[in-house]
Every structure is written in C-alpha cells, then in structure tokens.
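Please read it with the model open.

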Amino acid sequence: MADTASAAGGRATQAQEGLTTSVGPSVEPQASAPGAPAVDPAAEGDGQQGFETSASEGGPVDENLDVASWDSQSDGGDSAYEELIFAGHWENGRRYHSYQSGQYLFPDDEQEQDRLDVKYAAIHLTFGNKLNFAPLQDPQHALDVGTGTGIWAIDFAEENPGCTVSAVDLSPIQPTWVPPNVKFEIDDCEQDWTWPENHFDYVHIRTMAAAIRNWNRLFQQAFRHTKPGGYIELQEMDYMGVIQSTSRNPGTSFIRWCEEQGKAAAKVGINLRSIPSVMVENLRQAGFVDIQLHEFRCPIGPWAAEKKMRDAGILQLSAVLDGLEGLTLKLSKFYEGWTKEELDVLLAKLRTELRSRDCHAYWPVIAVYGKKPE
C-alpha cells in the first residue's frame with residue numbers, strides 16, 4: 001500500500017463515497033532474489049543531503065476469500081462481499097486487507113495508517129517537499145498506484161485541480177471527504193488494467209517494493225495505458241538499510257534485520273530491494289525514454305546536520321519503531337532457524353541501535369521517471 005498493497009485499474013460497485021471496488025483473477029507470484037546487504041563505507045559527511053544522478057535514455061491467497069468468483073455470486077451478494085472487504089481480517093492482533101488476501105504482507109489497521117502518514121512526511125522532506133520530479137505540464141489524468149491512506153493523491157489533486165486523480169489500493173483505508181478530482185478504488189495492479197489505453201498523463205508509484213511481484217508486467221501495463229508524451233514515476237525506498245561510515249555505532253542488529261526480512265520476503269516472491277540501475281533498465285525495456293534518476297538518503301534518527309533532514313530522520317525513526325512489529329510479524333514465519341525469543345532479542349537490540357545518535361543509518365530512496373515516446 002503505498003506503501004500499502006498493490007493496486008490498479010478497474011471499476012465496480014460503489015462501496016462508500018469516493019471509493020469503488022473491483023474483482024478479477026489473481027496473478028501467480030514470481031519469486032525474485034532479495035539482494036545483498038548494503039553497507040556504505042565510502043559515504044562522506046553527514047549524508048543528510050539528497051544527491052542526484054541521471055540515467056540517459058535508451059503468499060498465498062486466502063482460500064476462504066475467492067475474489068475471482070465474487071462477480072458471479074447470488075443475488076444480494078455484493079453488499080456482503082463489500083462488507084467483508086471493509087472488515088479486513090485479523091492475525092496476531094493486527095488487521096490485514098481481505099481483498100486479494102495475502103498479496104500484501106503488512107497490516108492496514110489504524111496503527112499502520114499512522115505509520116504510513118509519518119513515513120510519507122519523512123520522504124516528502126527528503127524530496128524537498130516535491131510531489132513529483134517528472135516535468136508535468138497541465139496533466140488531465142493521473143494514476144496513483146498503491147495509494148495507501150491516499151495522502152499523496154490528495155496533495156497532488158490539490159496542487160493540480162484540473163487533473164482527475166485515480167488512486168487505487170487493496171485496502172479501503174482512504175478518507176471519505178476528499179477533493180472533487182480524486183477517486184479512490186479498490187483493485188490489484190498485478191491484474192489486467194481496465195482503463196482505456198493511452199489514457200494517463202502521469203502514473204505515480206511510491207514505496208511499493210513490499211507489494212509487487214512482477215515489476216516488468218506492471219511497467220508494461222503502465223506503458224500501454226500512458227498517453228504518448230506522458231510520464232511514469234517511481235518513488236521507491238530500498239529496504240536494505242545502510243550504515244554510513246561516519247557512524248560510531250555499527251548498527252549490526254539493524255543490518256541483520258534487513259537481511260532476514262529480505263530473505264523471508266523472497267520466499268513469498270517479494271524483492272524488498274529497489275536497485276536504481278535495475279529500475280532504470282526495467283523502464284527502458286518497457287519502452288519508456290528520457291529516463292532520469294534522482295537518488296537520496298533518508299536518515300533514520302536525529303543524526304543529520306541539516307535541520308530539514310534531521311526532522312526527516314526523526315519522522316522516519318518513528319515510522320520504523322512504530323511499524324517494526326507489523327513489518328516483522330507476517331514474515332517471521334519465514335525466518336530460517338530463528339526462535340521467537342531470538343527474534344524478540346534482535347528487535348530489542350535494533351530499537352536501541354536506531355535510537356542512538358551514534359548510529360547513522362539511512363534508507364536509500366530513489367525517484368526515477370520516464371516518458372512514453374510521442
């Protein structure tokens with residue numbers, strides 16, 4: 001979910017004001033490798049500044065919730081299925097999405113929604129308060145894939161009042177009262193998109209590494225449904241954190257947790273790494289041109305020298321600590337050779353490390369956009 005769950009185009013019955021649902025067949029997961037750990041021995045200074053480079057052009061689905069058959073249920077069934085979607089399901093005291101159950105690994109309850117909004121604020125500061133880097137000119141139709149709580153879609157709609165913003169997610173956790181040019185929908189972007197081809201001026205995808213199993217297919221669909229001259233933009237976080245060379249605390253438990261999360265996610269077909277060169281090449285293979293890449297560091301904790309980045313680090317630290325349980329619960333069953341007691345100790349050490357000003361940890365963050373040829 002935009003950190004929330006994977007999402008994309010479709011139409012169906014109105015479930016609440018500004019929100020629709022749709023159904024369709026699920027996609028077979030495709031496994032990918034988690035990648036190697038990233039420790040940054042060469043980083044200089046405090047690492048609080050974003051830096052930019054350019055790239056030249058050219059789980060198992062819940063068997064009790066058979067979403068593929070929802071549209072063929074008996075009379076009166078629609079409201080029952082909508083109620084099921086909105087209710088979600090509970091595991092270990094946390095609520096998860098019901099539609100395409102198991103597709104997204106993390107909770108969608110109020111605690112997680114607060115975390116997502118805090119994380120959004122941290123990234124927004126890291127990006128210099130920019131909503132997008134693609135050079136948009138009077139966009140008319142935009143798509144936000146994996147909208148989560150809908151905060152980016154709402155901000156973008158307010159900044160572009162002439163643009164109709166379609167925002168989609170697996171979880172119905174978006175607000176009801178929104179700008180008139182925003183429409184929220186429940187859907188899965190790894191199913192076939194049903195919007196017209198050559199429709200969107202801008203497709204926005206943010207922090208979806210924990211949700212997407214087939215990036216190439218996602219980019220191909222985005223290319224098909226983007227107008228000639230329109231843009232796609234990814235704003236992604238690499239969940240293999242980095243300990244900067246200025247750190248007096250080695251962050252051993254943090255790095256270990258990142259490694260174990262990556263290996264566990266790979267077992268359910270998720271790659272938590274967002275490698276800039278890979279994303280650029282995937283966009284190029286889908287047909288996009290004029291690809292530009294911007295790379296940033298989002299601190300975790302209040303260690304950065306610049307106030308703006310120190311504020312971002314405080315927010316990101318809150319997001320990590322508040323979300324640690326929810327981010328780990330679902331994947332913990334795939335931790336090989338770990339007992340619950342050992343995992344609890346690891347998480348306790350991780351919390352202590354990240355709270356220390358001597359631990360200069362950060363998430364690599366990228367914004368990469370490309371254009372569909374005219």
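1. The whole structure holds 14 aromatic pairs. Rings of Phe, Tyr and Trp (its six-membered ring) pair if their centres lie within 6.5 Å; planes under 30 degrees apart are stacked, over 60 edge-to-face, the rest tilted. Phe 223 and Phe 288 are edge-to-face, because their planes stand at 85 degrees, with centres 5.1 Å apart.

2. This pair links distant parts of the chain, 65 residues apart. Phe 223 sits in helix α4 (residues 215-225), and Phe 288 in the loop between α6 (276-286) and β12 (289-300). Helices (H or I, at least four residues) and strands (E, at least two) are DSSP runs, numbered from the N terminus.

3. The model is predicted: local features need pLDDT of at least 70, side-chain atom pairs count only at pLDDT 80 or more, and totals for chains, interfaces and linings use all residues. Residues are numbered from 1 along each chain as its sequence is written, and side-chain values use heavy atoms, with hydrogens and water left out.

4. Is Phe 288 buried or exposed? Phe 288 is buried, at 1% relative accessible area. Buried means under 20%, exposed over 50%, partly exposed in between (1.4 Å probe, protein chains only).

5. Tyr 335 and Trp 338 also pair edge-to-face, 6.1 Å centre to centre and 75 degrees between planes. Tyr 335 is buried, at 4%. Phe 127, Phe 133 and Phe 296 form one aromatic cluster.

6. Helix α2 (residues 110-126) has 17 residues. Just after α2, Gly 128 takes a positive phi of about 70 degrees.

Technical notes
The expected span of a helix is 1.5 Å times one less than its number of residues.
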